[in-house]
Amino acid sequence: MPLNPIVERVTQRIITRSRMTRAAYLDLIERSRNQGLNRPQLSCGNLAHGFAASGEDKPLIKGGKAMNIGIVTAYNDMLSAHQPYGRYPEQIKIFAREMGATAQVAGGVPAMCDGVTQGQDSMELSLFSRDNIAMATVVGLSHAMFEGALLLGICDKIVPGLLIGSLRFGHLPTILVPAGPMPSGLPNKEKVRIRQLYAEGKVGRDELLESESASYHSPGTCTFYGTANSNQMMMEMMGLHMPGSSFVQPGLKLRQELTRAAVHRVTQIGWNGDDYRPLGLCVDEKAIVNAIAGLLATGGSTNHVIHLPAIARAAGILIDWDDMDELSRAVPLIASVYPNGAGDVNAFAAAGGMPYVIRELIGAGLAHADIMTVYGRSLAEGALEPVMDGDMLKWTPAPQASLDESLLRPVSAPFQREGGFRLLKGNLGRGTIKVSAVDPSRWTIEAPCRVFSDQNDALAAFKAGELERDVIVVVRFQGPAANGMPELHKLTPPLGVLQDRGFKVALVTDGRMSGASGKVPAAIHVSPEAKTGGPLAKLRDGDMVRVCANTGELTALVPADEWSAREEAMAPPAGLGVGRELFALLRLHSDEAERGGSAMLAAAGL
Ligand SMILES: O=C(O)[C@H](O)[C@@H](O)[C@H](O)[C@H](O)COP(=O)(O)O
Ligand code: SF4
């Protein structure tokens with residue numbers, strides 16, 4: 001199937017735009033490789049320190065002939081998704097020995113659970129924790145003891161951070177190793193129903209806690225299609241996971257065998273073999289376009305319109321929201337997973353999952369098959385589903401047809417003809433909106449605005465009954481420079497209540513929403529942000545605002561002369577406490593959301 005002309009055009013535009021920066025990146029990883037195996041550069045003292053505690057692996061590591069794999073792990077007990085990783089390093093060392101290789105934990109990275117911090121002051125650390133993760137990944141791999149890497153991470157900023165850091169060691173063959181979703185608990189729609197009842201004061205905390213803990217109930221990734229599971233989708237679309245390994249649950253024999261397969265595979269794609277697949281060549285312009293296409297086709301998390309530009313920059317590739325908006329016109333929405341629909345990722349996987357999506361997108365010319373995956377000749381081999389045949393792991397072709405059309409549909413009969421992403425532009429700046437979970441009747445909202453500088457003030461106004469009308473709720477001073485660009489997902493239940501009461505409601509913010517946010521139209525990531533003089537700072541209560549996903553409009557309907565004469569509101573002081581003061585450096589130097597919202601990449605000149 002020929003490539004879709006829009007996909008071809010956008011890919012070529014990205015290649016052209018990135019020519020200089022990509023060439024500089026490829027030169028870096030070539031130089032890193034040509035300095036040979038990193039370990040020979042180390043002194044005897046360096047090496048001795050490096051393998052002093054390696055136990056039974058010491059002779060092999062000391063011998064320097066076999067691949068030594070660096071494990072970078074995001075294990076902690078805060079993220080249900082990462083809790084299973086606690087046992088992975090020991091398993092990986094055993095699997096490496098099966099291939100005559102060795103493995104050591106190169107380092108750990110921090111991992112914030114956005115579910116624990118949602119609505120808390122600590123959410124202001126969330127976006128920048130991605131750069132902490134990238135730098136911690138670099139610290140681990142900088143020991144230069146490794147000829148390959150395995151990355152243990154799943155959730156929101158963790159996969160982006162691991163990738164950004166590892167890409168600076170792009171000469172290493174690298175595979176992401178997932179741990180899988182928890183079994184389905186309380187259906188998401190019931191969880192939301194109880195939350196809205198709580199927001200209306202109709203149920204108490206005990207009932208709410210029962211509902212929440214029936215939804216999030218055991219080790220494994222939360223089963224809504226948020227940023228974590230969108231990460232998994234992107235890794236499959238980029239060929240950085242073993243095929244179809246994202247949504248196999250923890251504790252299963254199949255899960256263990258997929259980990260074993262990843263360990264064995266990374267030992268086969270090193271530079272001293274005949275099938276060298278370094279991360280820096282796997283992550284090229286086509287792989288990035290595939291990740292965007294997957295995001296659009298599955299209605300993935302809005303957070304990736306910030307993380308993907310950052311990941312791409314780390315590989316010398318420059319993308320922007322115009323690229324994503326243009327691709328969104330070509331790539332249809334073929335999956336409907338909560339918050340976009342009723343089913344969760346377990347149901348999505350059972351309906352055909354990523355193997356089905358990959359086959360559909362390649363078959364329709366909406367994804368590049370010819371990318372360097374970690375496993376095979378092309379991404380087409382990603383359209384395979386892992387199964388156990390007795391004790392043997394095998395891969396079988398994805399189902400020819402969706403096994404549940406309420407969740408997954410063919411490109412020929414999609415849920416929506418276009419992808420779920422829209423770029424919004426107007427006198428309020430540039431913003432993004434995800435429409436895959438919004439009823440089309442609500443894609444255009446025009447209403448008087450109510451302006452807040454803190455989501456808790458908006459929640460208080462709701463509780464006081466001040467928002468019982470058509471209203472565009474504006475929460476500004478939520479950008480990277482202001483307070484670290486938190487997710488404002490706590491606003492979803494009250495705004496959902498207002499919407500269910502029949503009001504025309506929308507949110508406008510220079511902050512973020514959760515990948516699990518959905519049904520209320522939200523113009524988010526508005527840039528330039530209010531803190532740096534962006535036009536949101538000029539809005540006043542009562543101004544008519546128009547958010548329109550059909551025309552791509554984000555406008556304050558204020559006469560031009562009055563609008564240009566408006567004074568900007570003062571930003572509130574940065575928060576103190578939960579360590580936010582230690583992130584002032586990152587707020588001070590962060591660049592805009594559209595470029596990835598990163599002080600680290602900005603200062604690095606990437
Ligand atoms: O981007 C995301 O996917 C979210 O950050 C997600 O990781 C977060 O945990 C949500 O807050 C979960 O949803 P609830 O807060 O509704 O449980
Ligand atoms: S999906 Fe979100 S809430 Fe669930 S473990 Fe990951 S970060 Fe935490």
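This is a predicted model: local features need pLDDT of at least 70, side-chain atom pairs count only at pLDDT 80 or more; totals for chains, interfaces and linings use all residues.
Start with the overall division. The protein splits into domain 1 (5–35 + 66–183 + 218–397) and domain 2 (421–572). Taken over C-alpha atoms, the centres of domain 1 and domain 2 are separated by 32 Å. Domain 1 gives 28 residues to the contact, and domain 2 gives 26 residues. On the side of domain 1 that touches domain 2, α7 (126–141), α11, α15 (304–314) and α16 each supply at least two residues. Of these, α16 gives the most, with five residues. That side of domain 1 has 12 nonpolar, 12 polar and four charged residues.

Now turn to ligand 1. Its surroundings comprise 14 residues. The closest are Asp-114, Gly-115, Gly-226, Thr-227 and Gly-515. Two elements give two or more residues to this shell: α6 (114–117) and α11 (227–237). Helix α11 also supplies at least two residues of the side of domain 1 that touches domain 2. Both domains take part in the shell around ligand 1, since at least three of its residues come from each of domain 1 and domain 2. By class, the shell holds two nonpolar, nine polar and three charged residues.

Ligand 2 comes next. Leu-79, Ser-80, Ala-81, Cys-113, Asp-114 and Gly-115 are among the residues around ligand 2. The shell around ligand 2 counts six nonpolar, four polar and two charged residues.

Next, the helix packing. Look at α14 (residues 285–298) and α16 (residues 321–330). Their axes lie 10 Å apart, and the helices pack at an angle of about 55 degrees. The two helices are therefore oblique to each other. The crossing of α14 and α16 is right-handed. Ile-292, Ala-293 and Leu-296 of α14 meet Met-324, Leu-327 and Ser-328 of α16. This contact has five nonpolar, one polar and no charged residues. Helix α16 is also the element that gives the most to the side of domain 1 that touches domain 2.

Then take α9 (residues 188–199) and α10 (residues 205–215). Their axes come within 10 Å and cross at roughly 160 degrees. That angle makes α9 roughly antiparallel to α10. The crossing of α9 and α10 is left-handed. From α9, Lys-191, Ile-194, Arg-195 and Tyr-198 make the contact. From α10 come Glu-207, Leu-208, Ser-211, Glu-212 and Ser-215. By class, the contact of α9 with α10 has three nonpolar, two polar and four charged residues.

Helix α9 also packs on α21 (residues 492–500). Here the angle is about 85 degrees, with the axes 9 Å apart. So α9 is roughly perpendicular to α21. Arg-195, Gln-196 and Ala-199 of α9 meet Pro-493, Pro-494, Gly-496 and Val-497 of α21. Arg-195 takes part in this contact, and Arg-195 takes part in the contact with α10 as well. The contact of α9 with α21 divides into four nonpolar, two polar and one charged residues.

Technical notes. Residues are numbered from 1 along each chain as its sequence is written. Chains are lettered from A and ligands numbered from 1 in the order in which they are written. A residue is near a molecule or strand if its C-beta atom, placed from the backbone, lies within 6 Å of it. Helices (H or I, at least four residues) and strands (E, at least two) are DSSP runs, numbered from the N terminus. Ala, Val, Leu, Ile, Met, Phe, Trp, Tyr, Cys and Pro count as nonpolar, Asp, Glu, Lys and Arg as charged, and the others, Gly among them, as polar. Domain bounds come from an automatic or database domain assignment. Axes are lines fitted to C-alpha atoms, for helices over the stretch in contact, and angles run from 0 to 180 degrees between N-to-C directions. Angles under 35 degrees count as roughly parallel, over 145 as roughly antiparallel, 65 to 115 as roughly perpendicular and the rest as oblique. A crossing is left-handed if the near helix is turned anticlockwise from the far one by less than a right angle, and right-handed if clockwise. Two residues are in contact if their C-beta atoms, placed from the backbone, lie within 7 Å.
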